[in-house]
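Have a look at the sequence and the fold before reading on.

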Amino acid sequence: MAGGQIPAGVPASGGILISGTGGGEGTGDDNSVLPVPNHVVLNHLGTSAIKNGVLAVGTTTRYHRKYISTIYYKPI
């Protein structure tokens with residue numbers, strides 16, 4: 001796979017990067033900033049149904065005051 005190409009089976013993000021920072025000041029109405037996740041979902045594994053032969057697995061972790069969501073895609 002050449003640099004910059006999306007692997008087969010991974011849905012495209014549309015070029016949108018969502019980070020927890022919102023880009024600095026004046027982001028009170030910024031819809032790209034996600035709400036703080038509920039404490040119940042932290043450090044738990046979530047899976048999706050297998051669609052188009054791809055299984056998605058994700059988790060959300062807290063590091064200090066930041067929240068990190070990691071999603072893995074696996075072709076089945």
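An open sheet is built here from 3 strands in the order β1-β2-β3, and the pairing is antiparallel. β1 (46-47) and β3 (66-75) stand at the edges with a single partner strand each, so one side of each is left without a neighbour in the sheet. Two strands pair if DSSP finds at least two bridges between them. Strands themselves are DSSP runs of E, at least two residues, and helices are runs of H or I, at least four residues, numbered from the N terminus.

Before going further, a word on what you're looking at: this is a predicted model, where local features need pLDDT of at least 70, side-chain atom pairs count only at pLDDT 80 or more, and totals for chains, interfaces and linings use all residues. Residues are numbered from 1 along each chain as its sequence is written, and side-chain values use heavy atoms, with hydrogens and water left out.

The chain has a mean pLDDT of 75, and 59% of its residues reach 70 or more. Over residues 21-26 the pLDDT is below 50, and beyond near neighbours in sequence this stretch has 4 contacts in the model. A contact, by the way, means heavy atoms within 4.5 Å.

Zooming out, the secondary structure comes to 0 helices and 3 strands, and along the sequence the pattern reads β-β-β. Of the 76 residues, 8% count as buried; buried means under 20% relative accessible area, exposed over 50%, and partly exposed in between (1.4 Å probe, protein chains only). The accessible surface of the chain is about 6,600 Å², and 57% of that belongs to carbon and sulfur atoms. Those areas come from the Shrake-Rupley method with a 1.4 Å probe, and for residues only the protein chains shown count as cover. As for contacts between residues at least 6 apart in sequence, 13% join residues at least 24 apart.

Now follow the chain into the sheet. Asn43 counts as exposed, because its relative accessibility is 59%.

Next comes β1, joined to β2 (residues 54-63) by 2 bridges, with the two strands running antiparallel. Gly46 stands opposite Gly58 in β2. The two strands form a hairpin with 6 residues between them. Asn52 sits in the loop between β1 and β2 and has a positive phi of about 55° although it is not a glycine. With a relative accessible area of 80%, Asn52 is exposed.

β2 and β3 pair in the antiparallel sense over 10 bridges. You can trace the pairing in the model: Leu55 has Lys74 in β3 as its bridge partner, and Thr59 stands opposite Thr70 in β3.

In a regular strand, side chains alternate between the two faces of the sheet. With that in mind, where does Thr60 belong, and is it buried or exposed? Thr60 is found in strand β2, and it counts as buried because its relative accessibility is 16%. Its side chain makes a polar contact with the side chain of Ser69 (3.1 Å). A polar contact is a pair of N or O atoms within 3.5 Å; within protein, one must be able to donate a hydrogen and the other to accept it, and residues adjacent in sequence count only if both atoms are side-chain atoms. Leaving aside neighbours within four places in sequence, Thr60 touches several residues, including Pro37, Val41, Leu42, Asn43 and Tyr67.

Finally, take a look at β3. That strand is hardly covered: the count of buried residues among its 10 residues is 0. Lys66 has its place in β3 and is partly exposed, with a relative accessible area of 48%. The C-alpha atoms of Lys66 and Val36 are separated by 9.1 Å, and the two residues are 30 residues apart along the chain.

Key. pLDDT = per-residue confidence, 0-100.
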